[in-house]
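Dear colleague,

Please find below the sequence and structure that I am handing over to you. My notes on what was found in the model follow directly after it.

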Amino acid sequence: MDNEVSAGSATSSTLGHLALGLTLLAFGIGHTGVIDNVAASDAASLATWVGGVALFIVGLLEFRAGNGGTGTAFAGLGAFWFTWGNGAGSEVSAEAAGMFLLLFALLALTLTAASAGSGLFGQGVYGLLFISMLLLAIASFAENDGLAKAGGWAGAVAGLAAWYGATAALAHWPTFSGRAAGRGVTATG
């Protein structure tokens, strides 16, 4: 790679939001039970490779370009998805699964606070991700399917918002603010 060329850019940020959006959408829909015979664990391969590896690499590219907020978001969430994807279907206690989700809910809360001022596609996506992870953690601790479905819906909506924001950036579609999207979607504004 040419050292004079920046590795991270609005394009890599948009790619990161596409990877996050698609992974969250599959993960969330799997928890809702809205599609027969589709569970969250069916998203494990997508979570491992797209949400995990690809998102982590995009995070590193963002760090290299000096985008610490977006790099932190993508690398941290990439680590989450890789770990979750590799562990999906494994025998763990409900408490261990709940603790894992609660710890990453804290990451999502940090990303929500750090993205203040970035609008719906920054703070909104991370805020919904926080709600999803928190509901899924509580559902795991309480063994409550209703809360798990609610967490799945919050995750699916977060994924849809991340996907739309990235697609709008690429296609120059209008965003919810009424303006056409720019060259990229950033995590921290």
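**Helix packing**

The crossing between α2 and α3 is left-handed, a term used where the near helix is turned anticlockwise from the far one by less than a right angle, right-handed being the clockwise case. Helices here are DSSP runs of H or I with at least four residues, and strands are runs of E with at least two, numbered from the N terminus. Please note that this is a predicted model, in which local features need pLDDT of at least 70 and side-chain atom pairs count only at pLDDT 80 or more, whereas totals for chains, interfaces and linings use all residues. Residues are numbered from 1 along each chain as its sequence is written, and side-chain values use heavy atoms, with hydrogens and water left out.

Helix α2 covers residues 44-64 and helix α3 residues 68-87; their axes are 7 Å apart and the packing angle is about 155 degrees. The axes are lines fitted to C-alpha atoms, for helices over the stretch in contact, and the angles run from 0 to 180 degrees between N-to-C directions. α2 and α3 are therefore roughly antiparallel to each other (over 145 degrees; under 35 is roughly parallel, 65 to 115 roughly perpendicular and the rest oblique). The contact of α2 with α3 comprises 14 nonpolar, eleven polar and one charged residues. In this scheme Ala, Val, Leu, Ile, Met, Phe, Trp, Tyr, Cys and Pro are nonpolar, Asp, Glu, Lys and Arg are charged, and the others, Gly among them, are polar.

The axes of α3 and helix α4 (residues 94-114) cross at roughly 165 degrees and come within 11 Å. This pair is therefore roughly antiparallel as well, and α3 passes α4 in a left-handed crossing. From α3, Ala-73, Gly-76, Leu-77, Phe-80, Thr-83 and Trp-84 meet Phe-100, Leu-101, Phe-104, Leu-107 and Leu-111 of α4, contact being heavy atoms within 4.5 Å. The residues of this contact divide into nine nonpolar, two polar and no charged.

**The nonpolar core**

The largest nonpolar core has 32 residues, and those with the most contacts inside it are Leu-20, Leu-77, Trp-81, Tyr-126 and Met-133. Such a core is a set of buried Ala, Val, Leu, Ile, Met, Phe, Trp, Tyr and Cys residues joined through side-chain atoms within 4.5 Å. At least two of its residues come from each of α1 (10-32), α2, α3, α4, α5 (120-142) and α6 (145-171). With eight residues, α5 gives the most to this core.

**Individual residues**

Val-58, in helix α2, has a relative accessible area of 5% and is therefore buried (under 20%; exposed is over 50% and partly exposed in between, with a 1.4 Å probe and protein chains only). Not counting residues up to four places away in sequence, Val-58 touches Ser-12, Leu-15, Gly-16 and Phe-74. Its C-alpha atom is separated by 7.3 Å from that of Ser-13, 45 residues apart along the chain.

Leu-109 lies in helix α4 and is partly exposed, at 39% relative accessibility. Leu-109 and Ile-131 are 8.7 Å apart, C-alpha to C-alpha, and 22 residues apart in sequence.

Two residues other than glycine have positive phi values: Asn-37, near 65 degrees, and Glu-143, about 50 degrees. Asn-37 is in the loop between α1 and α2 and is exposed at 80% relative accessibility. Glu-143 is in the loop between α5 and α6 and is exposed at 62%.

Yours sincerely
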